[in-house]
Amino acid sequence: MAPALLTAVDSTSHIHLIIGSNPLAGARCSKSVEVGATPILIAPETANLHYGLARRIEEHCIEWQKREFDDSDLTTLGRDETDHVVDAVFVTSGGRSTVATHISTLCRRLRIPVNVADAPSLCTFTILTTHTSGPLQIGVTTSGKGCKLASRIKREVASALPADLGDAVERLGTVRRRIWEQDHAVEAATELEAEDDEAGQSAVFNKLVTPSDAEAAKARRMRWLAQICEYWPLKRLAAITDEDVDAILQSYKHDSAIAPSGDSKPLLSPAVLDARRNRGRIILAGSGPGHPDLLTTATLKAIRSADLILADKLVPAPVLELVPRRTPIQIARKFPGNADAAQDELHRLGLEALHEGKTVLRLKQGDPYLYGRGAEELEFFRTHGYEATVLPGITSSLSAPLFAKIPATHRGVSDQILVCTGTGRKGAPPNPPAYLLNQTVVFLMALHRLEELVRSLVEHKTDSYPPSTPCAVIERASCPDQRVIRSTLQYVNAAVEEEGSRPPGLLVVGAVCEVLQKSPQRWVVEDGFQGLDVLDDMSEGGNGLDRLREKLITPGLEEVVNPFRAARIPVGAVVV
């Protein structure tokens, strides 16, 4: 089978005939409108229109012929310029019907492009799946072998391109057009001067510019433009700004070449453009519940590559031990009454480092967006011109119950989870949730006001919690000093008062607290955590998760160890 001839068709004001009323017909109409064509829908008045079609018909974007297809439609509904022959036909009902075969035959006879859904043999053209960014369009086709696969390939290609490449294409197109316009303006001026010379001595008689000089400058300009389009990295091209384009065009007015010879400074410096792409970066990342082996690989890479780390004070020491010694760490100085001032300090330090072109990692406990003020910080840096990269973390609201042998949901016991804060803005108590027998409630940041919280639950105005409701206080989840206090709402305050507090911690309330482990006493205290020890002997070479973690972030190195923990360094190892 010969490959298809891929073309880009200017469809402005074209008439597209869409036959059918299904969702595909809606997609075809939308695409026609997008490219500037006028879609005409042919479907019976009794047809069940897709909601997208119905909406566009109401907006008068689509003309609906409320009847069955007629052969004369092909030669009567088109534009005057084409003697009323339509420009393209789309049959959305599939190729198994005799109508589709009939329409395809008519279109081929009249040389009208026709596309029949799921029938490559009846089509004279296919629709490419496209990625569009300004004037840049990238189309992918599998020649009818699989539209889903074509969409997948398109997504893979698009994801590898700089996000603002379309803008760069627009700017380079402007440069190319203006070069062409100016060169033709110079040629016209030269011809006018030649006519003046015939009438007498020219006013530019002593100007030592020959046609060959002008042609050489013109060739040099276009050659430079062609070379940067061909050889410069796409990210460098995407860094070209409107100011760069203005500077290039301004240089032509002084008749200077874009890429002059000698020791002249190039108009577009690759180093300057690359520096723009390497501007400061801000990363918001969650450090998980506490154990360093529960970090995501992405967050671990960010820790190892950041120039500055701004960490919450609740980020445990084993996680901070992963930070290279060369990297400065600022711990948030948050305490009651100073939270806003500490947050402002982190913002200031982060902006200062970003202005210096550094990579700043804002390291948070748990997940950045779950009571971590992550969205607020993202908006702050966005207002200052920096778009943050957000990396998720394993939230303690789900992992802490797991490490305490408490399933968040359990068939026949709990089929829903509610995650709440135990402390509102500026320390105000939040409204407590109503009691539901089949619900698990996780309260974060609640232990410092546990007595008040429990009272609000058992004295709820509408649906109060029974004092016998099972609950558990989980502190320092996943850390070696994890502690779990299993009790009920009736005795949990007394238990914490007697056992003391070990922040950070949370409260789990619901019947799931007794699914796997019941508490026959008023409360039971469980100290310590070895839940991940079994994994230490399962990694390559039996050297634990530390070695595996190093290999995840430094592929290709045979022997790499954590330099911040006591360990034997093999000969030939590379320590970062």
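**Entry 1: the strands around β8**

I began with strand β12 (residues 389-391), where the bridge partner of L284 is V390. I took strands as DSSP runs of E with at least two residues, and helices as DSSP runs of H or I with at least four residues, both numbered from the N terminus. The model is a predicted one, in which local features need pLDDT of at least 70, side-chain atom pairs count only at pLDDT 80 or more, and totals for chains, interfaces and linings use all residues. Residues are numbered from 1 along each chain as its sequence is written, and side-chain values use heavy atoms, with hydrogens and water left out.

I then looked up how β8 and β12 pair, and found the parallel sense, over three bridges; two strands count as paired if DSSP finds at least two bridges between them. β8 also runs parallel to strand β11 (residues 359-364), to which six bridges join it, and in that pairing I283 stands opposite L361. Because five of the six residues of strand β8 (residues 281-286) are buried, I noted this strand as largely enclosed by the rest of the structure. For "buried" I used under 20% relative accessible area, for "exposed" over 50%, and for "partly exposed" the range in between, with a 1.4 Å probe and protein chains only.

**Entry 2**

Strand β1 (residues 15-19) runs parallel to β4 and is joined to it by four bridges, with V91 of β4 as the bridge partner of I19. β4 also pairs in the parallel sense with strand β5 (residues 114-116), over three bridges, and there V89 has V114 as its bridge partner.

I next turned to the largest nonpolar core, which has 21 residues, and L17, F69, L74, V89 and V116 touch the most other members. Such a core is a set of buried Ala, Val, Leu, Ile, Met, Phe, Trp, Tyr and Cys residues joined through side-chain atoms within 4.5 Å. At least two residues of this core come from each of β1, β2 (38-43), β4, α4 and β5, and α4 gives the most, with four.

How many residues line the second largest pocket? I found 41, of which T7, F125, T126, I127 and L128 lie nearest its centre. Two or more lining residues come from each of α1 (23-34), β4, α4 (98-110), β6 (129-133) and β7 (136-140), and α1 gives the most, with five. By class, the lining of this pocket has 20 nonpolar, 14 polar and seven charged residues.

**Entry 2: cysteines**

I counted a disulfide as a pair of cysteine sulfur atoms within 2.5 Å, and by this rule the count comes to zero. C513 is in no disulfide, and its nearest cysteine sulfur, that of C471, is 6.6 Å away. C513 counts as buried because its relative accessibility is 3%, and C123 counts as buried at 15%.

**Entry 3: backbone and loops**

I wrote down first that most residues other than glycine have a negative phi, and that most peptide bonds are trans. H84 is not a glycine, yet I found a positive phi of about 70 degrees for it; H84 lies in the loop between α3 (73-76) and β4, and counts as partly exposed at 34% relative accessibility. R476 likewise has a positive phi, near 50 degrees, and its place is in the loop between β15 (470-475) and β16 (483-488). The peptide bond from P503 to P504 is cis, with omega near 0 degrees, and P504 lies in the loop between α17 (492-499) and β17 (505-509).

Is D415 buried or exposed? D415 counts as exposed, because its relative accessibility is 57%, and its place is in the loop between α15 (396-403) and β13 (416-421). D415 and T440 are 25 residues apart in sequence, while their C-alpha atoms are 8.0 Å apart in space.

Note on methods: On a 1 Å grid over the protein atoms alone, a cavity is a set of points where a 1.4 Å probe fits but cannot get out, and a pocket is an open set with protein on both sides within 12 Å along at least five of seven lines; lining residues have an atom within 4 Å of a point. Ala, Val, Leu, Ile, Met, Phe, Trp, Tyr, Cys and Pro count as nonpolar, Asp, Glu, Lys and Arg as charged, and the others, Gly among them, as polar.
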